[in-house]
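Thanks for making time this morning.

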Amino acid sequence: MNTRRIVVCGTGIVGLAAALGLTKAGGQVTLLGPDMPVPPVRDDEYCPRVYAISPASQQFLEGLGVWAMMDASRLTPVEAMEVYGDASGKVVLRAWQAALPILAWIVESSELERVLRQAVQVFGINRQADKFRELQGGAAVTESGKLLEADLLVGADGANSPVRAAAGISHESKAYSDTGLVVHLTAQYPHQNAALQWFTADGVLALLPMPDTAQGHQVSMVWSMPEAQAAQLQSMPEDERNTALELRLLEATGGRLGRLTVRSPLLGFPLFLEKSGMVAAGVALVGDAAHRVHPLAGQGLNLGLGDVEKLIDVVRDCEPYRGIGEPRVLNRYRRARAEAVMAMGLATDGLYRLFASQAAPVVLARNVGMRLVDKLPMLKRFLVSGASGG
């Protein structure tokens, strides 16, 4: 059997999952990237970045042996999703409509990173706390000049991937001119394990259920807002900004959860639609290095974990007489991910553009369409299955 020397570049969630999964698949893995310690949090404090983990991703993480390691008190099941249009349109999706127990789990980034790092340590995976600099033959060269020989280099190094650039993999990027604003809120009314979403004139607003705390019911806000409006909010003094945001939230949500009170710092990040060629000789990209989609569906991390799962399958199933970095082998990975990545990009971009238009006929059509969808059980079952990764 050919030696399976694998260098995984990137120490975020996707990189850690790749290193762990490829090790379990028989690879001799080196994890390359600077240490990023997870700061400790108190019982009533939560990481500002949370993810909606689909059942498919949950099963993958369970297969890696890390799901059971997470603190169950910090996980929130999503049992329903309510989607509101910018007029009278509304769609309610419930897990039971597709015979599922839940639609997703809301999980903190820090909790996922914590358990993945523990697992990497338990498996004794070689760590190199350095940065990738360039490719040299069959080796990854670090900033300190160390050569790491690799049959396969996995780029899990984020949207500005140095691995992607060094390998000359094609890349397309389109800015949405929107900013994703995130903050945790205390809600007057319980969320009842429902994720809520509004398509408004100010962008796409989502409220994700979080564990209740001593302060009350908690939700996490993700508001994809035009850059100018987001910048105006971010530039305000904290007290003034919080008051303004709370008033806008009350108006946008129609009081669905009552008064919403800011309980954490407001953070923002620019939004892009990106795609790449995924592979080159000896190189495979996963996660944000390979693609990014609009966050309105909350599927970015799920796509990245799907990449890792499929790459593990391809490496595990590679014929003994082939190298895992051969183009023929890596093209299996690229083809296996092409449909899911393209479909999610088209779906999220299409929804964004549909609701960005304020033309009266479009506004009428999309809200009538939502009301129609809400009355069709078979279609709702299909949507629930798709949203859950089924």
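Six strands form an open sheet of mixed pairing, in the order 8-2-1-12-20-19, where strands are DSSP runs of E of at least two residues and helices runs of H or I of at least four, numbered from the N terminus, and two strands pair if DSSP finds at least two bridges between them. Its edges are strand 8 (126-128) and strand 19 (279-280), each pairing on one side only. Strand 2 (residues 28-32) runs parallel to strand 8 and is joined to it by three bridges, with arginine 127 as the bridge partner of leucine 31.

A word on the source: this is a predicted model, in which local features need pLDDT of at least 70 and side-chain atom pairs count only at pLDDT 80 or more, while totals for chains, interfaces and linings use all residues. Residues are numbered from 1 along each chain as its sequence is written, and side-chain values use heavy atoms, leaving out hydrogens and water.

Turning to charges, the whole structure holds 18 salt bridges, meaning a side-chain nitrogen of Lys or Arg within 4 Å of a carboxyl oxygen of Asp or Glu. One of them joins glutamate 111 to arginine 114 at 2.6 Å, N to O, and these two are about one helical turn apart because three residues separate them in helix 3 (residues 109-122). Glutamate 111 is buried at 7% relative accessible area, whereas arginine 114, at 28%, is partly exposed (buried is under 20%, exposed over 50%, partly exposed in between, with a 1.4 Å probe and protein chains only).
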